[in-house]
Amino acid sequence: NRAADAGRIRILKPFSRHASRGGSPTPAQMAAYGPLFRARVDAMARAIDRRPVLLLLEVDGIGSTRGVARMGSLPQWEADLRYEINTMAALPHTVVYVEGGYSDSNPVRYTARVLNAIGVSKIRGFFTNDTHEAWTTKEVRWATRIARRTHGAHFIVDTADNGAGPL
């Protein structure tokens, strides 16, 4: 791909945390999966190395965490996301955003608290609407309120699938 598209910047959207531990894992399940998750993050970082990349980390990484919180696993989930953010932010030519959820899911205060806990201030910001199809205007209003609670974190809204609006 690099040879065919020389000079292009890749956009990667890893889905490691939720996809492998989906649903609402227990603290024991989180602890058991932690080493594999960190190994995958480290392998991705080695593969990226010094290449320019835009990273949109962890589809449903925060948007789907209310069940994780109910199980008592949110601190471990946040620690894994913090590890991924710190690892990817240390790469020299990456622009990093982390999934922040969607306007029709978690409240602003909850989302901002999780984003602050995982270190959104260390990266470019967060992105929204990755697996939902909310109206863009609603996402922008919601994300703007979150940005105010995250010391002005930048955000982007995924509009790839929301042309017809929510179902």
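**The sheet**

Five strands make up an open sheet, ordered E1-E2-E3-E4-E5, with parallel pairing. At the edges are strand E1 (10-12) and strand E5 (154-157), each of which pairs on one side only. From one strand to the next, the twist averages 25°. Keep in mind that this is a predicted model.

Look now at strand E2 (residues 53-57) and strand E3 (residues 94-101): they run parallel and are joined by five bridges. For one of the pairs, take leucine 56, whose bridge partner in E3 is tyrosine 97.

**The helices**

Helix H5 (residues 108-118) lies across E3 and strand E4 (125-128), and runs at about 145° to E3.

Next is helix H4, residues 74-89. Its 16 residues reach 22 Å from the first C-alpha to the last, close to the 22 Å expected at 1.5 Å a residue. Which residues of H4 are buried? They are Leu74, Trp77, Glu78, Asp80, Leu81, Glu84, Ile85, Thr87 and Met88.

H4 also has a partner. The axis of helix H2 (residues 27-48) comes within 10 Å of the axis of H4, and the two cross at roughly 10°. Since angles under 35 degrees count as roughly parallel, H2 is roughly parallel to H4. On the H2 side, the contact includes Pro27, Met30, Phe37, Val41 and Ile48. On the H4 side, Trp77, Asp80, Glu84, Thr87 and Met88 are among the residues taking part; these five are also listed as buried. By type, the residues of the contact of H2 with H4 are eleven nonpolar, three polar and four charged.

Technical notes: Residues are numbered from 1 along each chain as its sequence is written. This is a predicted model: local features need pLDDT of at least 70, side-chain atom pairs count only at pLDDT 80 or more; totals for chains, interfaces and linings use all residues. Side-chain values use heavy atoms; hydrogens and water are left out. Two strands pair if DSSP finds at least two bridges between them. Helices (H or I, at least four residues) and strands (E, at least two) are DSSP runs, numbered from the N terminus. Axes are lines fitted to C-alpha atoms, for helices over the stretch in contact, and angles run from 0 to 180 degrees between N-to-C directions. Contact means heavy atoms within 4.5 Å. The expected span of a helix is 1.5 Å times one less than its number of residues. Buried means under 20% relative accessible area, exposed over 50%, partly exposed in between (1.4 Å probe, protein chains only). Angles under 35 degrees count as roughly parallel, over 145 as roughly antiparallel, 65 to 115 as roughly perpendicular and the rest as oblique. Ala, Val, Leu, Ile, Met, Phe, Trp, Tyr, Cys and Pro count as nonpolar, Asp, Glu, Lys and Arg as charged, and the others, Gly among them, as polar.
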